[in-house]
Amino acid sequence: MQFIDDVDSDDNSLISKSEKRVSSTVELAKKLGAKRVDKSLKDSSDSSYLVTSDDIDNFLSSKDSSENKNSISIDDDRVNHYNSGQFIPFKFRGEAKEYFKIWIVNIALTLLTLGIYSAWAKVRNNRYMYSNTYLNGSNFEYNASPKRVLYGRVIVFLFYALFLLFSDVLYNQTLALGVVAIFLLLLPWLIRQAISFRLKSASYRNIHFRYHGQTRSFYKLVLVIIILVTILFLPLIISKYIDVNSGFISLLSFAFTFLFFIIGIPILYLKFKELIINNSAYGNSLFRFEATKSSVVGLFIKMAFATTIVSLIIGVITIVTSSGFAKILNITDLNLKSDISVLLTTTGVSFIYLVSIGLYKGINDGYLSNFTRDHTKIVNGELKGTISPFKLGFISMTNIFVVIFSLGLMYPWAKMRYLRYKIENTHFKCKEYTQFSSDGRDRGSTVGEEAVDFFDIDIGV
Amino acid sequence: MTLEAKLYDGVSSQEHCVEIHFSDDKRVVIDEFNLNEPIESVKISSRLGNTPRVIEFSSGIRVKCEDNDTIDKILNRLEYKKGVVHKLESSWKFAISSLAAIVFFTIFMLTFGADYSADLLASKLPQNTLDSASKKALSQLDKGYLHKSNLSNERKVEIIKLFNKLTNGDKHYKLHFRSSPKMGPNAFMLPSGDTILLDELVFLDKDPNLYGTLGVLAHEKGHYIYKHGLKSLIKGTIATTLVSYLSGDVTFLATTIPTILITSKYSRENEREADIYAKSELKRLKISSKPLANIFKELNIYVKKRGSKSESSLISWVSSHPTTKSRIDYFNKD
């Protein structure tokens, strides 16, 4: 289920290739020779070619990258088949150059067909990500049918057009609000549909993923969120109607907010993850999400701590550099001063904004992904995440600048880089890869998926 | 022809190494599993990069093979229909052509395409739809921004007389007097011909005959005649859709800045068009355009007093109005 997390939720994000680790792994593979591997595959009917420990040692001493030791024993996943129950990493074989061509043709065809091709583009794009994700020598598959994706898109688009018609053309705000209300009422159901569609579209070794979650549970969760938010604003509402000491109210308000962020949000996150993962299945085998409340609270405290430290560092650097610029500005031509300072401030603010957005996104993604992986289990198997949140933050931040300065052309490279780092730092341990079974598949409806896609709702599945 | 492949039966996650055979009478055969089907009844996935090819039999059994080139050769020989997309996706020539097509299409859509579709839509939209929409917009404005006018009846009659001169008494145009401290000196004409004149603008007019006000009304009529409001709405929608699709994720930089630049350029052109129209209308009525120049001067002072954007060299090119100075010069030349 984790590869879905990787491939789908990052659909619209800037993404990657982990430098050292991956390049050394790839290099090792090259050095030891894909040729040699292929040859040995043909020569011996036994397909369990393993890199010898000598090879690894030679390589490591020449490369001086001791931190990569544990990941290196996997050379080429076409040849290595593990059944011994040790953790092995997922492999990602997407290549920036190859993906660039697919990506650019997708955009061109989508524009030239005025958007109709976008459904095919989406399927080809997802197919590329899934098909290049390997576990134990076999790759994943994305099986959605483009035509059905198109139907979903048309329905969602018509709904949105209806809203625009009422709100912007006919100025009938009551009807426009009605459309919004219907959408909000349907939203929990749509999210469930989207989760279900994403899982049902994926398969591994011709066994499809499934989703058994009930719509009722999604409405229940939303109800809980509404109640919690109401409680959050309770002190403010009370103070409007009853005359109480304002100091007491603000103290109460502070306490509620603090509790909401430190306990409320983590537990809601946990409930949402449980709702998704505990109802997901690979064939007939159910996934389990086994995280305790205290561990999720601990995770969010860790994340808050990391974010605070990063913010402090950014803040200090900003103050130092901006005061430096201010000094330089004093010497320049007075007439130009206001214009230059406007320009500098705008650039500076955008720069800091992008740096922070990139870092926070990567860091949070890293922490949350590791947490999800570490607590997800399936019969006789479990996942593990070894993502370094700060490294992912760095990748995500640098990706943003690479994409901007290349006018978007490096987007495929950035996406491969991010995905590769995340996927190759996901590990799976399983006693028996052949144990899973299935009795058929169903396809799921596309409307929810396309609604979630269209309005860019992050469901993190 | 025989290929090595991996078979998954769809019932268990067991992997089987098999040999798949394509016979010359167009059948796909796997002996170990007693599979023997005509090529039309198996689904062979289109090639995508170098990802393993999936061959799905009607029973749901799937076979995967990594040797894309050999499969393509076989399929060619058996005259199996293949998609063209992979051909586009696999050559740099087509990748670069695609990039050129994207750039060309974007520029075309933002200029000629947007103009053409805006013209077309603006001319095709039925007048009564525009009328009812405008009435609703006016009533919305009345609820939020607009207040009763405080002009004396004499003033109003004076202005209505001028307005009738401008519109040749066409009943389609209707003048509404309002005031709005929030909006400041302004006047605008809705697509229905309903014209709203704010007191604050009349107060700025130092001309005894109120010809400055008349000039502004003529300018607004220019916007109305050329359907600028509608067109910029349509163009804005096209620009936003295009740019937000292309930018994908870098929403912050990509969607806001270019759309502002594009839409402000539209309205600058529109303002110029409306200015030219106003001048020709004033000429027709044999009225000098100098009072209009004066009212723009006053407007400029008003804006500066309010502390809005100054006319600094960097900011003015983003501004949605032609630089006030060139405008004033234009109306001062008779």
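Burial in chain A, to start. Of its 461 residues, 38% are buried. Buried means that 20 or more other C-beta atoms, placed from the backbone, lie within 10 Å of the residue's own; exposed is 12 or fewer, and partly exposed is in between.

Keep in mind that this is a predicted model: local features need pLDDT of at least 70, side-chain atom pairs count only at pLDDT 80 or more, and totals for chains, interfaces and linings use all residues. Residues are numbered from 1 along each chain as its sequence is written, with chains lettered from A and ligands numbered from 1 in the order written.

Chain A holds 15 helices and 11 strands. These are DSSP runs numbered from the N terminus: H or I of at least four residues for helices, E of at least two for strands.

Now α5(A). Why call it enclosed? Because 14 of its 17 residues are buried. Just after α5(A), L114(A) has a positive phi of about 55°.

Next, α6(A), residues 118-131. All 14 of its 14 residues are buried. From first C-alpha to last, α6 reaches 19 Å, close to the expected 20 Å.

Last, the contact. Chain A gives 41 residues and chain B gives 37. Contact means C-beta atoms, placed from the backbone, within 7 Å. On the chain A side, α5(A) brings the largest share, 10 residues. That side divides into 20 nonpolar, 14 polar and 7 charged. Nonpolar is Ala, Val, Leu, Ile, Met, Phe, Trp, Tyr, Cys and Pro; charged is Asp, Glu, Lys and Arg; the others, Gly among them, are polar.

Methods:
Expected span 1.5 Å × (residues − 1). Contact = placed C-beta atoms within 7 Å.
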